Amino acid sequence: MSTGTTVTTGKDTQTTDALDFVAPKADELAALFTGRARPPRPGALAASLTFGWRAMLKIKHVPEQLFDVTAFPIMMVLMYTYLFGGALAGSVDEYIQFLLPGILVMSVVMITMYTGVSVNTDIEKGVFDRFRTLPIWRPAPMVGYLLGDVVRYLIASAVMLTVGVIIGYRPDGGLPGILLGVALLLVFSFAFSWIWTMFGLLLRSEKSVMGVSMMVIFPLTFLSNVFVDPKTMPGWLQAFVNNNPVTHLATAVRELMAGNWPGADIAWTLGWSALFVVVFGSFTMRLYNRK
Amino acid sequence: MTTDLAIETEGLVKVFGTNRAVDGIDLHVPAGTVYGVLGPNGAGKTTAVKMLATLLRPDGGRASVFGKDVVKDADAVRGRVSLTGQYASVDEDLTGTENLVLLGRLLGHTRPDARERSGQLLAAFGLAEAADKQIKNYSGGMRRRIDIAASILNTPDLLFLDEPTTGLDPRSRNQVWDIVRAVVAQGTTVLLTTQYLDEADQLASRIAVIDHGKVIAEGTKGELKASVGSGSVHVRLRDPEQRPEAERVLRSSLNATVQLDPDPVALTATVNGHGTDLGAAEQAARALAELSRAGITVDNFALGQPSLDEVFLALTDRKGTTA
């Protein structure tokens, strides 16, 4: 259509403030109309990435929302390391080797629940009506959300690992181990977030989304092997803990960072992830189409 | 354009719980025109629009847009319509430029194209200076303009404007009206919902009046007005004491209802032409002559077409509702 890449807006137009704005005349408007020709529709990936870009713009405009992926994770690392370190492992230095991958998993999985809240507040706004009348791949707005959130999870991971290394975390897996562990965590968190998009669409208010999220997230993260080895737990609890997806994830991340290859736990984690996407992804889309 | 139908609905129904928000609506909207859907709050206008724009699934009946079914062929419909909702359908956290570029990308434009188009639209709608401000800092009129700009980023064949001027000051309202006229001049069909009768009067060529989820009247402005009466006489007296007498004289002379205005010296009578071949003006002249014969001093009088307000009140009264 057009070839120019430079745009000069405002400079060469006259001062037009809201008060003396005059609607464009029919012939001016005619020049603006594209006619009936339309560019080809964007593909699924392009549309999703465009919504991901929207999420980035929102972070740019409201940087305070990064508080939960910076201050909160730092607090978690420091709090639990110094609270339990001496009692559980004899020393802070030793405990952090065990705790850091786990607390990383726990914090990031906890942060995923903000997805539900933001979907819930955003969907009530008029802009979603526009998105839903666009001829694009239907899940794109939701996938865009989650792509934006993956960036937030990445920030949280980087912050926590930095703090961990500062207070003495020295993983044997080195950088490759850390990167693999974080990658697995991001895959799981992306998949797990579909639960929240579902609740964000299902529940009526932000408060109820928060309430339900707490009910899901606390047992799921605390009843795992994040803090301690489950061996000392009663049998019924061990049964839950050992089959908790967060346990598989925490073990996989811990072992990857320690330089091992926990094949079974990786497989379990990826399996759970696929299940989350299939089940909660389809619930989400059903609700989204019906909303 | 042609006589093609942009919208066709048959017995369209949407039920929320026990509330039949839309209760069997039939609409035939010719392409290339502004079609007004007029009704009070809660009449079912927005619900009807949402079904036509593929946002809500109808519970009964069927609806098609340019011959494509809104349920079975929703994707084809989405490719041809744009919606400007009751609340700004733009992202409040983003700037004007970001909103339009985002939308341009989603409609398949390349990034440079989307940027260029965004700049052109913002300039044409008087928003160039606000291009890099977040929408939440825009005034009501500016929001409406960016909203409509977003809706015509790709020229839609059908544009839904859901109460586009609710909450706007008169100046911004006139600006929106001018934009709507310019958009229609490009061949786009506009479905306009409004609760303001003068808005429908100003913009629409055909109007459907909706109340309690049903169409209670449909036609051109002229047809709707004629259904109520051919005109009305507004009379101002010098002496408020004479008003009861004047009311009696007018009623018997015009054989019609006489309405006492809030102003104690004013009254309004419909001239309906029933039972006589005389034109409205002639009938009114006679009535005035009788007033003067009865010794009533008339300070001022005017003969007018019935307003859509009167049409609307008459139509809803007939159904036993008070507005």
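1. Two residues count as being in contact here if their C-beta atoms, placed from the backbone, lie within 7 Å. With that cut-off, and leaving aside neighbours within four places in sequence, B:Pro156 is in contact with B:Arg80, B:Val81, B:Ser82, B:Ser151 and B:Thr188. The model is a predicted one.

2. Where does B:Pro156 sit? The residue is found in the loop between α5 and β7 of chain B. Is B:Pro156 buried or exposed? Its C-beta has 20 other C-beta atoms within 10 Å, and a residue is buried at 20 or more, so B:Pro156 counts as buried. B:Gly187 is 31 residues from B:Pro156 in sequence. In space the two are 9.4 Å apart, C-alpha to C-alpha.

3. Helix α5 of chain B covers residues 140–151, 12 residues in all. From first C-alpha to last it reaches 17 Å. That is close to the 16 Å expected at 1.5 Å a residue.

4. How many residues of α5(B) are buried? The count is 11 of 12, and the helix is mostly covered. Among the buried residues are B:Met142, B:Ile146 and B:Ile148.

5. What do the buried residues of α5(B) pack against? One partner comes from the other chain: α6 (127–132) of chain A. In chain B the partners are β6 (81–84), α3 (96–106), α4 (111–124), β7 (158–162) and α6 (170–185). Note that α6 is a label used in both chains here.

6. Now α3(B) against α4(B). The two helices pack at an angle of about 130 degrees, with axes 8 Å apart. That angle makes α3(B) oblique to α4(B). The crossing is right-handed. On the α3(B) side the contact is made by B:Gly96, B:Thr97, B:Leu100, B:Val101, B:Gly104 and B:Arg105. The α4(B) side includes B:Arg111, B:Ala114, B:Ser118, B:Leu121 and B:Leu122.

7. α3(B) also meets chain A. Its axis and that of helix α2 (residues 44–61) of chain A come within 9 Å. They cross at roughly 165 degrees. Angles over 145 degrees count as roughly antiparallel, and α2(A) and α3(B) are therefore described that way. This crossing is left-handed. Chain A contributes A:Ala47, A:Thr50, A:Arg54 and A:Leu57 to the contact. Chain B contributes B:Glu98, B:Leu102, B:Arg105 and B:Leu106. B:Arg105 is also listed in the contact of α3(B) with α4(B).

8. The sheet of chain B comes next. Which order do its strands take? The open sheet of four strands runs β2-β1-β4-β5, with antiparallel pairing. The edge strands are β2 (19–30) and β5 (68–69), each pairing on one side only. Helix α1 (residues 45–52) of chain B packs on this sheet and touches β1, β2 and β4. The direction of α1(B) makes about 120 degrees with that of β1(B).

9. Strand β1(B) has two partners to check. Nine bridges join β1(B) to β2(B), in the antiparallel sense. Within that pairing, B:Thr9 has B:Leu27 as its bridge partner. Strand β1 (residues 5–16) also pairs with β4 (residues 60–65), antiparallel and over five bridges. There B:Glu10 is bridged to B:Arg62.

10. The hairpin of β1(B) and β2(B) deserves a look. It has two residues between the strands. B:Gly17 in this hairpin takes a positive phi near 60 degrees.

11. Chain B as a whole. Its secondary structure comes to 11 helices and 14 strands. Of its 323 residues, 50% count as buried. The C-alpha trace spans about 80 × 45 × 40 Å along its principal axes. Among chain B contacts with a separation of 6 or more, 67% join residues 24 or more positions apart.

12. Chain A as a whole. It has 12 helices and zero strands. Of its 291 residues, 40% count as buried. Residues 24 or more positions apart make 78% of the chain A contacts with a separation of 6 or more.

Key. Residues are numbered from 1 along each chain as its sequence is written. Chains are lettered from A and ligands numbered from 1 in the order in which they are written. This is a predicted model: local features need pLDDT of at least 70, side-chain atom pairs count only at pLDDT 80 or more; totals for chains, interfaces and linings use all residues. Two strands pair if DSSP finds at least two bridges between them. Axes are lines fitted to C-alpha atoms, for helices over the stretch in contact, and angles run from 0 to 180 degrees between N-to-C directions. The expected span of a helix is 1.5 Å times one less than its number of residues. Angles under 35 degrees count as roughly parallel, over 145 as roughly antiparallel, 65 to 115 as roughly perpendicular and the rest as oblique. A crossing is left-handed if the near helix is turned anticlockwise from the far one by less than a right angle, and right-handed if clockwise.
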